[in-house]
Amino acid sequence: MEPPSQNLKTTPLLSLGRFHISEDYGFLLPHPLKQLPDYFRPWMEIANELPHLIESHQLQARVNKMPLLNCQFLKSYREQRLAHLVLSFMTMGYVWQRGETQPEEVLPRNLALPLVEVSRNLGLPPILVHSDLVLTNWTPRDPERPLEIGNLDLIVSFPGGESLRGFILVTVLVEKAAVPGIKALVEAVNAISQRSQNALLQALQRLRLSIQEITRTLGQMHDYVDPDIFYAVIRIFLSGWKDNPAMPVGLIYEGVSTEPLEYSGGSAAQSTVLHAFDEFLGICHSKESADFLHRMREYMPPSHKDFIEEIQSSPSLRDHILSSENSQLLTAYNQCVEALVDLRSYHIAVVTKYLITAAAKAKGRRPNPLPGPSQALEERGTGGTVVLSFLKSVRDKTLEAILHQRD
């Protein structure tokens with residue numbers, strides 16, 4: 001049988017469903033499970049007491065007595081996602097129970113083996129990632145009411161009380177605010193392939209509104225998260241063992257590897273949203289920033305990473321706008337880029353408040369009543385980057401993407 005002629009080949013329309021992305025919730029896992037089957041009760045009992053066990057320094061002793069459970073009894077994808085959430089939270093608590101000056105360097109086999117097995121099944125690394133901390137870690141109090149912070153709860157928690165709850169749930173709402181933008185992006189990609197300038201214009205306008213709504217939603221951090229508690233209590237539990245001066249050689253996963261393994265901590269750079277927007281808008285980052293961002297894609301669910309790569313391989317929006325010589329499209333594109341610059345500038349302001357300013361305050365507080373991170377992590381994000389220079393570079397490269405009218 002002859003291969004089909006290349007001339008007959010048509011590009012299939014992009015859709016969210018192909019990449020297991022929800023029309024209603026975007027990259028958030030819709031209706032996450034809150035309980036595992038009864039066989040996994042030893043995990044859930046520890047997970048439900050996690051803040052108390054960490055604060056009372058009892059977590060390591062409890063985990064050390066935990067039975068080694070068989071992950072083959074996890075029957076569904078959603079059970080595996082909850083298992084990864086539970087095991088990765090336990091792992092961060094276990095490693096950092098005594099703070100940054102005394103991290104645990106060996107993860108016991110009864111935690112390491114199931115975490116690595118579930119991670120392999122999901123295509124995720126064996127550490128807490130954004131898809132655990134945020135995408136899988138939310139539940140509505142009343143499913144009939146809208147998703148807003150007063151109607152949401154966490155499934156698994158760390159020390160940090162209301163500030164921890166606010167930090168995670170505001171980020172959940174940021175992901176929700178991105179949903180119209182992700183849908184608009186898909187419509188725009190399809191509009192380019194179908195040569196529909198009007199549909200493309202409308203999609204770009206919806207994308208801009210969504211980016212602006214993300215910025216407004218991020219502003220809720222100031223209402224719900226205390227900078228001192230974030231810096232001194234919460235941050236350490238999001239820190240990994242790659243590019244971290246507190247754990248320079250990594251972590252030994254007992255029963256998995258005799259050599260220490262290195263993984264980055266949880267980071268906003270593991271959210272698929274801005275990666276997708278950057279690829280669609282054709283924003284090129286510096287080599288150092290781009291290398292870090294591409295590495296963070298390995299910390300996403302594989303189908304979300306595939307979505308980014310699909311956008312990357314789609315026809316160029318910038319080329320389409322320049323060749324169309326349509327001033328309305330060019331203006332709408334630039335408004336999207338400007339909205340993204342504004343979002344990144346706002347994110348810099350938030351990070352400055354919660355990291356740089358909070359670090360300076362912590363230094364000046366003698367004695368410090370909060371068991372916070374030492375100077376080693378002061379300027380680093382939880383993903384391991386020197387955070388402000390990274391964020392400013394990403395913002396400035398976004399600004400460079402503005403298109404200019406041809407004479």
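1. A residue is called buried under 20% relative accessible area, exposed over 50%, and partly exposed in between (1.4 Å probe, protein chains only). By this rule Tyr354 is buried at 5%, and Phe230 is buried at 10%.

2. The model is predicted: local features need pLDDT of at least 70, side-chain atom pairs count only at pLDDT 80 or more, and totals for chains, interfaces and linings use all residues. Residues are numbered from 1 along each chain as its sequence is written, and side-chain values use heavy atoms, with hydrogens and water left out.

3. Rings of Phe, Tyr and Trp (its six-membered ring) pair if their centres lie within 6.5 Å; planes under 30 degrees apart are stacked, over 60 edge-to-face, and the rest tilted. The whole structure holds 12 aromatic pairs. In one of them, the rings of Tyr25 and Trp138 have centres 5.5 Å apart and planes at 40°, so the pair is tilted. Tyr25 is buried at 17% relative accessibility, and Trp138 is buried at 1%.

4. The rings of Phe230 and Tyr354 have centres 6.0 Å apart and planes at 90°, so this pair is edge-to-face. Separately, ring pairs join Tyr39, Phe40, Trp43 and Phe73 into a cluster.

5. Ser289 is buried at 4% relative accessibility. Its side chain makes a polar contact (N or O atoms within 3.5 Å, one able to donate a hydrogen and the other to accept it; residues adjacent in sequence count only if both atoms are side-chain atoms) with the side chain of Ser286, at 3.2 Å.
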